[in-house]
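Please keep the sequence and the 3D view at hand while working through the points below.

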Amino acid sequence: MDALTERVRRAALQHDADLVGFAPISRFDNAPPELHPRTIYPQTRTVIAVAVRQARGTLKTAEEGTYWQAYNCDSYWYLNEVIAPRLLRGIVMELEKDGCTSVPVHNPFHPHTGRRLRDDQPSGPDGMVSLRLIGVAAGLGELGHSKVLLTPQFGPRQRIFSVFTDAELEPTPLFTGEVCDGCLACVRECQAGAIGEDRSVKLTIEGRQYSHAPLDEDACGRVHCGADPRFSPFWTGDEPEGEQPSYSKFLQHRFRHLSICVGRGCLRSCLDHLEKTGRIEAQFNTPLIERDRWQVPASD
Ligand code: SF4
Ligand code: SF4
């Protein structure tokens with residue numbers, strides 16, 4: 001590994017990254033123009049992907065039906081708002097020592113909304129990129145059937161962040177293994193029915209083909225945020241018309257993100273399967289899913 005790439009890798013690890021990878025910009029040649037990293041930083045030569053694992057206990061208490069604040073605090077607010085800015089800034093500052101301009105890319109949720117400011121812009125500013133695809137392009141893992149990035153270390157249990165830089169860094173080889181074995185637990189256990197049965201969406205990076213099932217993002221979003229009373233424990237039945245439960249509003253206000261589903265299918269079922277079948281490295285003393293799964297009582 002060349003010296004600058006190694007320095008950046010060390011800086012990332014020192015700032016709490018668990019995984020680091022480097023993708024030359026050419027790996028995005030087949031990306032849709034509006035999702036291309038150059039929509040954010042036109043001079044990008046290397047896309048750096050970093051992964052930070054979610055604490056497994058935050059998934060465990062959602063699985064037990066006992067505690068939602070840990071996931072929303074640790075795995076959303078803390079990783080997105082505390083760890084990621086510090087981690088990305090650590091990488092950027094290391095690159096600035098060598099005169100390389102570098103852009104921290106946190107968690108771009110919002111689609112392009114502004115006007116095109118130059119003729120060669122494919123869309124307006126502040127657009128989206130796909131962090132899971134960036135993880136794949138930087139060699140961290142593959143897309144599972146569920147469209148979630150699966151790594152051989154943690155399966156689906158991490159968040160991805162990125163730095164776009166004009167430095168030419170040494171590419172990480174693409175991941176050539178297979179973490180997903182097509183068990184379809186993600187499909188069966190997604191209460192929104194958001195994940196398709198057929199792995200029909202294909203993409204190619206440097207000749208390697210990746211695939212995932214179609215994901216109904218609207219259906220997912222509704223269950224993910226607890227907007228469907230059938231699948232959220234926090235509806236009391238007393239909510240004013242059109243309003244979310246007050247506890248959901250508390251979670252969102254306190255942690256600036258809201259997950260009630262906590263990936264019942266695409267995250268928890270998948271992780272449980274990958275752990276039990278020994279397909280990932282991180283193993284624990286007790287299973288993630290060790291008894292019947294909870295249901296919201298129909299009459300409540
Ligand atoms: S649950 Fe099974 S099919 Fe779905 S992504 Fe995970 S390993 Fe693949
Ligand atoms: S977050 Fe929940 S609703 Fe969305 S795809 Fe995953 S399991 Fe389904």
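In this predicted model, the residues around ligand 2 are Cys-190, Ala-192, Ala-194, Ile-195, Cys-220, Val-223, His-224, Cys-261, Gly-263, Arg-264, Gly-265 and Cys-266.

**The surroundings of the two ligands**

- Helix H6, which covers residues 217-224, and helix H8 each supply at least two residues of the shell around ligand 2.
- Around ligand 1 there are 14 residues, and among these Gly-144, Cys-180, Cys-183, Cys-186 and Cys-270 come nearest.
- Helix H5 (185-189) and helix H8 (264-276) each provide at least two residues of the shell around ligand 1, and H8 gives the most to that shell, with four residues.
- The shell around ligand 1 is made up of seven nonpolar residues, six polar residues and one charged residue.

**Helix H6**

- Which residues of H6 are buried? Cys-220, Val-223 and His-224 are buried in this helix, and when one looks down the axis of H6, its buried residues fall within an arc of 100 degrees, so they line one face of the helix.
- Just after H6, the backbone at Gly-226 takes a positive phi of about 75 degrees.

**The four-stranded sheet**

- Four strands form an open sheet in the order S1-S2-S6-S3, and the pairing in this sheet is antiparallel.
- Strand S1 (19-24) and strand S3 (102-105) stand at the edges with a single partner strand each, so one side of S1 and one side of S3 are left without a neighbour in the sheet.
- Neighbouring strands of this sheet are turned against each other by 20 degrees on average, if direction is ignored.
- Strand S2 (residues 46-53) pairs with strand S6 (residues 158-165) in the antiparallel sense over eight bridges, and Arg-53 stands opposite Gln-158 in S6.
- S1 and S2 pair in the antiparallel sense over six bridges, and the bridge partner of Ala-23 in S2 is Val-47.
- Why can S2 be called largely enclosed by the rest of the structure? Seven of the eight residues of S2 are buried, so the strand is largely enclosed by the rest of the structure.

**Helices against the sheet**

- Helix H1 (residues 3-14) packs on the sheet and touches S1 and S2, and the direction of H1 makes about 140 degrees with that of S1.
- Helix H3 (residues 69-96) lies across S2, S3 and S6, and H3 runs at about 30 degrees to S6.

**The hairpin of S7 and S8**

- Strand S7 (residues 201-205) and strand S8 (residues 208-212) pair in the antiparallel sense over five bridges, and the bridge partner of Ile-205 in S8 is Arg-208.
- S7 and S8 form a hairpin with two residues between them, and in the turn Glu-206 has a positive phi of about 45 degrees.

Notes: Residues numbered from 1 in each chain as written. Chains lettered and ligands numbered in written order. Predicted model: local features only at pLDDT ≥ 70, side-chain atom pairs only at ≥ 80, totals over all residues. Pairing = 2+ DSSP bridges. Near = placed C-beta within 6 Å. Nonpolar A, V, L, I, M, F, W, Y, C, P; charged D, E, K, R; others polar. Axes fitted to C-alpha atoms, helices over the stretch in contact; angles between N-to-C directions. Contact = placed C-beta atoms within 7 Å. Buried ≥ 20, exposed ≤ 12 C-beta atoms within 10 Å, placed from the backbone. Arc of directions from axis to C-beta.
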